[in-house]
Amino acid sequence: MRRWISIVVIISSLHLHAQNDDIDLELFAERLFQVQDENIAYEDIYESLLLYYSNKLNLNKLDPEQLSSLYILSPNQLSDFFEYRDRFGNFLSINELQVIPSFDISVIRDLLPFVTVNETAPDNRPFLRRILEEENNYLLLRYTRKLEKQIGYTPALPLDTTFLRNENDNIIDTLTSAPNRYTGDQNKIYGRFRTSKRGDFSLGFTFEKDNGEMLAFDNKQNGFDFYSYHLLLENKLGFDRIMLGDFQLQVGQGVIFGAGFNTGKGAETVNTVKRNTIGLRPYTSVLEAGFFRGIGLTKSFGDVEVTGFYSKLQQDGTIRSDTTFSSFEEFVNSIQITGLHRTENELENKDRIAEELIGGMIQYKPDRKLSVGIAGLNSQYSTPLQRTPNNYNQFEFKGDHNYILSAFGHYTWQNLTLFGEVSRSGSGGIGAVGGFLGSLSKTVDFAMILRNFDRDFHSFYGNAFSENSRNINEKGVYWGLTISPNRYHKFNVYYDRFIFPWLKFGTESPSVGNEWLIRYMHRPNRKVSLYAQIRQQTRQVSIRQENLNILADQVKYNYIFNIDYQPVPDLTLKTKVQSSHQNEAGDFTKGFAIIQDLNFEFWLLKFNTRMALFATDNFDNAQYVYENDVLYAFSIPAYNGRGIRSYVMVRFDPLRNLSLWVRYARYDYRDRDMIGSGLEASAGDTSSEIKIMARVKF
């Protein structure tokens, strides 16, 4: 009776509803992961968010790993959710979330875009008909172009011409041969189709031509430069999942398989440190590396889940033969992951290496509290890999075959979760991550994580918690703390200390470092929210002093203050001030940005606008600032130098199933008359871009 009374009160008083296709996933990601850095794969994070958004999780069927993979709920809230569901049974309405004691309105609003309680009745229609008639489908077409003419798109200079100068007589081009020009035009074209239904199927394809690449039909290329495609069948032919085409895998703590929604250190200091096993997932991004292409299968045998896959993919690389340091007749320095094929040289390096992979996992899950498993990956390359030797890379992978094995697991006791994964690669190197997170009280959450990656540990598809962009040559310990005294105030804090036992690029001896962050958030009412944040980073780098290279501390501070104000439902004002300063062996540099956004709606139109002033002494102080972009695009550019950044974006919904976006963005610099370098250089002090996109729902 108590439950029914609560539901009636909720439904009659508040009526929380998830937004449909108007949800601003960019703002969700910005709020949750405010620490912005050039080493984070934002596109992959965003793609994972979209996967959850387009295929909502059923609150009555999901398990702890699925729910915690959203990184919204604290350990205490996760415990309360499943305790409530065990006690009262299935949710009757999504509004019922408010009955759970530790859930407040802000948490529920964050959850709403990604969850549902709607039961899907068995669909007996033929499979092809279900695909054609599924409501969750769309086609996207996007066009992007930089408006200034860059050197890469100009005719090659005559061989007897030495320089090309701009109007101020500054040299902007010393390239003279035809291969030093882009083979394609300045247009960037992107398209995507997808239709999906959770628990049944997912079908989609993506195509893209980067600016500078050709759109050609010949024996080397069929139209666009890159295609991605997938077909996922769930609960068919005796398998839980049948994955065909392009896919990724997320297992354990990401030491071997690290796809999915992994953010590392950020403004959410507790909920994001633990990875979750989500298994096979479709790959829909246009990042042209870091995925598998082939077939994957998942089948459950009671409490045991088995996943296996086979992948064969052509990779980019420069084939060399240099017997001065290599015993291989031919080898590749490294696999190139940019996915750019604009010049003759880049085209020559396309698809030069065949990568053949066999891998999978076995996981035992007797209940919601315990999960243990093993995983493995075997890699074979048609051409050996070998770096050009130097001091810091002599323990990198060398050869045409690698394997890696791991054991992983987690255990939850009340509000405390222990987790970890330990792995060994074919070289004998060890990679390990372990830790715990829990709720010390209703208002305090805590996390700690340890990691150790040997200098000869080789994992090519891992993305475990670390300071480095790759899981190699690192030891560290991280502490995170969240304090939420009430729904109006929240404090996030973390401290991370790390050691690099061997040399790194730019650091010619073993080094140490640390990083900490403090963030305060305040939401006095539904119209106003603000936060203030300070982050400090200490690294050691090599500097030249009296003909010797010595280690010196590089200490950097970042500051952010942000306030959002919504005076009326259709108008939002956002003001942000952020700055940084860095001290490297007595060399003091700084940078700042002042940003003002004005977002409003009128009739069938939605406007996002920005004006920003910035000034930085060097790129070390570049200000990374999130920008609103067209749907399914993500933008966090670096504001560097001195100038003004502005953009305006308009969305128009003329029909129920048709949405249009137009975005114009522009830099106006005050410290240069040439922008960019090499083939990307353009004369003048402005850099602008136009982006047009259409989405059609069938």
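The model is predicted, so local features need pLDDT of at least 70 and side-chain atom pairs count only at pLDDT 80 or more, while totals for chains, interfaces and linings use all residues. Residues are numbered from 1 along each chain as its sequence is written, and side-chain values use heavy atoms, with hydrogens and water left out. The protein chain has eight helices and 37 strands; these are DSSP runs numbered from the N terminus, with at least four residues (H or I) for a helix and at least two (E) for a strand.

**The chain as a whole**

- Of the 698 residues in the protein chain, 51% are buried, where buried means under 20% relative accessible area, exposed over 50%, and partly exposed in between (1.4 Å probe, protein chains only).
- Among contacts between residues at least 6 apart in sequence, 62% join residues at least 24 apart; a contact means heavy atoms within 4.5 Å.

**Confidence**

- The mean pLDDT of the protein chain is 86, and 88% of its residues reach 70 or more; pLDDT is the predictor's confidence in each residue, from 0 to 100.
- Residues 4-21 stay under 50 in pLDDT, and the model gives them 29 contacts beyond four places in sequence.
- Residues 159-163 are also below 50, with eight contacts in the model beyond near neighbours in sequence.

**Nonpolar cores**

- The largest nonpolar core has 32 residues, and Phe257, Phe292, Phe309 and Leu377 have the most contacts inside it; such a core is a set of buried Ala, Val, Leu, Ile, Met, Phe, Trp, Tyr and Cys residues joined through side-chain atoms within 4.5 Å.
- Strands that each supply at least two residues of this core include strand 11 (239-250), strand 17 (353-364) and strand 18 (370-385).
- A second, separate core of 26 residues includes Ile100, Phe103, Leu112 and Phe114.

**Two hairpins in a row**

- Strand 28 (residues 571-584) pairs with strand 29 (residues 587-602) in the antiparallel sense over 14 bridges; two strands pair if DSSP finds at least two bridges between them.
- Two residues sit between strand 28 and strand 29 in their hairpin, where Ala585 takes a positive phi near 55 degrees.
- Strand 29 also pairs with strand 30 (residues 605-616), in the antiparallel sense over twelve bridges.
- The hairpin of strand 29 and strand 30 has two residues between the strands, and Trp603 in the turn has a positive phi of about 60 degrees.
- Asn599 in strand 29 stands opposite Thr572, and its bridge partner in strand 30 is Asn608.

**Two buried residues**

- Ser371 lies in strand 18 and counts as buried because its relative accessibility is 2%.
- The side chains of Ser371 and Gln363 are joined by a polar contact of 2.6 Å, meaning a pair of N or O atoms within 3.5 Å; within protein, one must be able to donate a hydrogen and the other to accept it, and residues adjacent in sequence count only if both atoms are side-chain atoms.
- Asp668 lies in strand 34 (residues 658-669) and counts as buried because its relative accessibility is 15%.
- A polar contact of 2.9 Å joins the side chains of Asp668 and Arg666.
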